[in-house]
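Here's a quick tour for anyone opening this model for the first time. Have a look at it, then read on.

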Amino acid sequence: MDFALFAEQILNGLQAGVTLFLTAAGLTLVFGIVGFINLNHGTLVMAGAYIAAKIATVTGSFWLGLAVAVPSVVVLGLLLETSVFRRLYHRDHLDQVLATFSLILFFNELARIVFGRLPYQIDKPALLAGAVHLFGDLYYPIYRLAVIGVGVAVAIGLWYLTAKTKLGMLIRAGSTHRNLVGALGVNVGRLFLAIFALGALLAGLAGAIIGPMQAVEVGMGENIIILALVVIVIGGVGSIRGALVASVFVGIAESLGRTLVPYLFEKVVDTSTVTFLSGMFASTSAYVILAAVLIVRPQGLFAGKV
Amino acid sequence: MIRKSFWAALAAATLVTTGGALAQQGPVKIGFVTTLTTPSGYIGEETRDGFTIAMDQEGGNKLGGVAVELMIADDGVKPDVAKQLVERMMQKDGAKIISGVIFSNIVAAVAPDVVKAGGFYVGPNGAPNNMAGADCHPNYFIASWQAGTQSDMAGLLADKIKANNVVLVAPDYVAGKDQIAGFKRYFKGTISGEILTKLGQTDYAAEITRIRSLKPDAVFFFLPGGMGVSFIKQVKESGLQNTALLAPLTVDDRIVESLGDKAMGIRSTTFWNWDYDNAASKKFVEDFKKKHGRVPTTYAAQGYDTARLIASALKAVGGDVSKTDAFRAALKKADFVSIRGSFKFANNNHPIQTWHARDVVKNADGTYATKTAELLFKDYKDPYSAECKQP
């Protein structure tokens with residue numbers, strides 16, 4: 001495998017990783033600090049994707065779609081928190097799983113009724129269309145580079161928020177000593193609402209920016225949520241840093257694995273075995289990493305550190 | 001006296017009800033278990049909408065002049081759900097005809113139950129390999145195609161365009177592997193890579209990078225629904241623009257509508273297309289467009305022909321499905337004018353039919369549509385029929 005191919009797979013993995021991170025960051029905050037399992041988080045990604053795609057299709061402007069989708073998803077997240085989730089905080093995790101799972105079914109059906117059964121596809125904004133020549137044989141889509149840029153910017157923003165602001169201080173405190181934060185007179189209800197809003201913002205952003213790369217369809221949320229759950233367990237529940245490292249790690253491992261496995265084995269074994277091995281690798285790599293982390297460090301890589 | 005007339009009345013009433021059952025005065029019940037939810041829901045929707053056009057053309061709720069009741073239910077792509085639905089429809093509601101199933105793995109789960117209970121399975125879509133071969137059954141009919149045929153034809157198409165170096169892409173599950181096997185059946189060139197992806201995968205960047213490194217002159221992909229939309233989108237944005245894209249039936253008009261100009265250049269295979277030039281097809285397309293405001297896909301066509309096949313057999317037995325042998329013989333005869341032009345059953349009760357290549361074209365109004373291209377195989381009989389022991 002030449003270096004350009006290798007570098008391209010690293011970029012692919014990085015891009016997949018940061019997209020995953022946008023979903024996982026919100027999920028891990030809610031799970032780690034509020035102590036609430038929100039399977040419905042993927043629905044927010046789907047909502048962001050659908051709203052952005054619909055507006056982009058009607059008006060022809062990707063940017064308008066993005067600008068409307070993100071705040072709309074935040075509003076949706078806040079509505080869900082105040083109307084449903086708030087009532088579930090004191091119930092056990094099984095109740096939360098059941099309730100949020102039923103919301104997935106509800107929102108999938110709603111999306112089907114509102115947006116129809118056909119997958120949507122939207123074009124990239126003209127500004128970010130095309131590919132850029134990096135070096136040698138390597139041409140990389142500008143849009144995917146921009147997605148990586150957004151991911152990096154969000155990671156820096158979240159670092160600043162948690163390390164340098166009062167809200168961040170409360171988030172850090174809440175991730176390890178939830179009850180104590182309440183006992184010290186902090187309005188926990190408002191803190192939780194702020195965390196939900198932040199999670200919804202990132203989910204809406206993730207949905208809006210993946211629209212131009214893949215089909216926007218009913219059920220896309222579940223695909224994302226399963227991998228996001230794997231990632232937050234690898235990273236340590238409640239840890240943004242962990243979610244970032246684990247997302248990028250899983251993204252790069254999956255992407256490299258899908259090309260390295262066939263490359264390494266195709267000289268040793270026959271085609272159907274290569275197909276079998278790489279197919280197996282593509283479907284299982286995230287879970288293999290999860291299993292390995294759980295054996296070595298069951299609490300996750302960055303448990304206790306936001 | 002009063003007592004006597006009471007018994008007489010009761011006897012008369014009994015006679016009337018049993019007599020009614022014998023003469024089949026109620027509508028013939030048809031169980032239609034299909035997939036209406038999940039991202040694949042549009043396939044069941046198309047199939048159902050095609051099926052009901054045939055009933056509408058007879059003035060509503062009639063097939064072959066016989067009153068029918070179509071019981072539609074959603075299986076959610078779950079074999080266990082489909083099994084329960086079929087059991088209820090046959091035992092509680094008294095349906096003897098079951099149709100509608102989309103996915104091959106669900107056909108494999110329900111069709112044996114149907115035929116074992118003495119009912120008829122008339123399939124509008126999925127048709128697993130084994131049931132076309134060694135496990136064929138006289139009461140099991142497929143009005144669409146044997147599942148692997150669409151890819152058998154794609155292999156022929158690859159030969160026709162003189163593709164020499166081809167990469168195959170399909171999801172890692174039974175139907176995906178069957179399609180890859182189908183492609184290899186007639187293809188004479190080199191296959192430099194076979195890529196199995198995760199079912200429901202949405203990002204193909206890593207696969208596309210690998211495909212590019214293999215420098216193929218064609219890529220064959222079996223990725224139904226949203227998977228195909230994502231894949232094509234990403235291929236068109238990568239450096240693969242000059243590689244031919246070949247697909248089986250999966251690039252239908254609704255997928256083309258969703259992809260727009262990105263669908264241009266994709267070649268697929270089909271047994272029928274909306275532009276077929278025969279009276280039956282034109283009438284179907286016109287009526288479908290009038291009711292639903294869109295061009296019917298091949299799934300709709302399959303639903304329509306399934307309904308018309310059932311209609312021809314119901315007509316032959318005057319709506320009395322309890323005449324099992326006569327009904328079976330009538331189904332096998334397939335005495336209806338198919339929108340495909342010619343239609344007859346092979347020994348395994350799967351159609352012998354003609355396959356064409358299919359292109360994507362841009363209409364004058366800026367929309368995109370599919371268009372029938374060159375002939376691939378006239379009167380193709382699927383190879384599994386040789387393993388089926390029935391005449």
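Predicted model: local features only at pLDDT ≥ 70, side-chain atom pairs only at ≥ 80, totals over all residues.

## Chain B as a whole

Let's start with the overall picture. Chain B holds 13 helices and 14 strands. Its radius of gyration is 23 Å, close to the 21 Å that the globule rule gives for 391 residues, so chain B is as compact as a globular protein of that length.

What about the inside? Of the 391 residues in chain B, 54% are buried. Take the contacts in chain B with a separation of 6 or more, and 70% of them come from residues 24 or more positions apart.

## Where chain B meets chain A

Now for the place where the two chains touch. Chain A puts 32 residues into this contact and chain B puts in 31. On the chain B side, five elements each give at least two residues: helix H2 (41-57), strand E8 (190-197), helix H8 (205-214), helix H9 (226-236) and helix H10 (253-259). The largest share is from H8(B), with six residues.

What sort of residues are they? The side of chain B that touches chain A has 14 polar, 10 charged and seven nonpolar residues.

## Two positive phi values in chain B

Two residues of chain B are worth a look for their backbone angles. Asn349(B) has a phi near 60°, which is a positive value in a residue other than glycine. You'll find Asn349(B) in the loop between strand E12 (344-345) and strand E13 (351-362). Is Asn349(B) buried or exposed? It is buried, because 27 other C-beta atoms lie within 10 Å, and 20 or more is enough to count.

Asp379(B) also isn't glycine and has a positive phi, near 50°. Asp379(B) sits in strand E14, which covers residues 368-380 of chain B. With 12 C-beta neighbours inside 10 Å, Asp379(B) counts as exposed.

## Two helices crossing in chain A

Over in chain A, find helix H2 (residues 41-59) and helix H8 (residues 188-210). Their axes come within 7 Å and cross at roughly 45°, which makes H2(A) oblique to H8(A). The crossing of H2(A) and H8(A) is right-handed.

Which residues make the contact? From H2(A) they include His41(A), Leu44(A), Val45(A) and Met46(A), while H8(A) brings Gly199(A), Ala200(A), Ala203(A) and Gly204(A), among others. Between H2(A) and H8(A), the contact has 12 nonpolar residues, five polar and no charged.

Leu193(A) is partly exposed, with 18 other C-beta atoms within 10 Å. Leaving aside residues up to four places away in sequence, Leu193(A) touches Leu78(A) and Glu81(A). Leu193(A) and Leu103(A) are 90 residues apart along the chain, and 19 Å separates their C-alpha atoms.

Lastly, go to helix H4 of chain A (residues 93-115), where you'll find Phe107(A). Phe107(A) has 20 other C-beta atoms within 10 Å, so it is buried. From Phe107(A) to Val274(A) is 167 residues in sequence and 39 Å in space, C-alpha to C-alpha.

Methods. Residues numbered from 1 in each chain as written. Chains lettered and ligands numbered in written order. Axes fitted to C-alpha atoms, helices over the stretch in contact; angles between N-to-C directions. Helix = DSSP H or I, 4+ residues; strand = E, 2+ residues; numbered from the N terminus. Parallel < 35°, antiparallel > 145°, perpendicular 65-115°, else oblique. Left-handed = near helix turned anticlockwise from the far one by under 90°. Contact = placed C-beta atoms within 7 Å. Nonpolar A, V, L, I, M, F, W, Y, C, P; charged D, E, K, R; others polar. Rg over C-alpha atoms; globule rule 2.2 N^0.38 Å.
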